[in-house]
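Reader: I have a model open and want to go through its packing. Can you take me through it?

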Amino acid sequence: MGWGTPRKGIGWKARLTPPWGDKHAFHVKNRVSELRTVAGLSQGELGKVLGVSRQTINSIENGRYLPSLPLALAIARNFDTSVEDVFIAEGE
Amino acid sequence: MTYARTVGHRGATAAVLVVGGGALATATWIGGEHGLALGLVGFYALATLAAFFWSGRDGDVAAIMRVGGDERQRRLDLEATAYAGLAMAVAAIVGAVVSAARHHGDVGAWGVVCAVGGVAYVVSLGVLKRRG
């Protein structure tokens, strides 16, 4: 699988729960890979548009990295949608 | 807060190696170990070249070496620095304890390192708390 090849589905879960547990913990999934594929962009091209590295886009799509709020807003605006439509909280 | 990516400078890490390695080699030369000083010059020259060429690559480590990168790369750098600082703190504390046991309670230079680390942490925490 190349760097620019999108994964299936809506990305892996990003676990926010600390090791000691938290009553407010929840999972965040994202649709960045899906939206990027629909837009016909590679990870590198999306990164260039947003001003971040290709590796960071890859980490976000795979759920290894949760972006900051400004970057999450920029991602959502880039796809003409809302943050809640891109990043989906589960288990609230 | 911004997520803006910074380019950094390709020669950043190389410059640190030149300055640090140069200072160490000069001190070693002044100390009379001329052979070792020349060896250090050679070692740091090679390390500087390697750092300069690596900094030009596309990747997380290269971005950090340029003192640039995006928010994720800066976070990686920050966390790696924190872990390295933790390892150094543990080494300094163990060194101070061992020194105290061996030299009748004298913690020696390890105590200075521990004091600098402790004061720096408290001051940094205070400043960062004020920033929010």
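Reader: Which residues make up the largest nonpolar core?
Author: This is a predicted model. Its largest nonpolar core has eleven residues: A:V32, A:L35, A:L46, A:L50, A:V52, A:I57, A:I60, A:L71, A:I75, A:V86 and A:F87.

Reader: And which elements give two or more residues to this core?
Author: In chain A, those are α1 (32–39), α2 (43–50), α3 (54–61) and α4 (69–78).

Reader: Where is A:L71? Buried or exposed?
Author: A:L71 sits in helix α4 of chain A. A:L71 counts as buried because 23 other C-beta atoms lie within 10 Å, and the cut-off is 20 or more.

Reader: How far apart are A:L71 and A:F26?
Author: They are 45 residues apart in sequence, and their C-alpha atoms are 20 Å apart in space.

Reader: Different topic, the contact between the chains. How many residues does it take from each?
Author: Chain A gives eleven residues and chain B gives 13 residues. On the side of chain A that touches chain B, α3 and α4 of chain A each supply at least two residues.

Reader: How do the residues on that side of chain A divide?
Author: Five are nonpolar and six are polar, with no charged residues.

How values were computed. Residues numbered from 1 in each chain as written. Chains lettered and ligands numbered in written order. Predicted model: local features only at pLDDT ≥ 70, side-chain atom pairs only at ≥ 80, totals over all residues. Core = buried A, V, L, I, M, F, W, Y, C linked by C-beta atoms within 7 Å. Buried ≥ 20, exposed ≤ 12 C-beta atoms within 10 Å, placed from the backbone. Helix = DSSP H or I, 4+ residues; strand = E, 2+ residues; numbered from the N terminus. Contact = placed C-beta atoms within 7 Å. Nonpolar A, V, L, I, M, F, W, Y, C, P; charged D, E, K, R; others polar.
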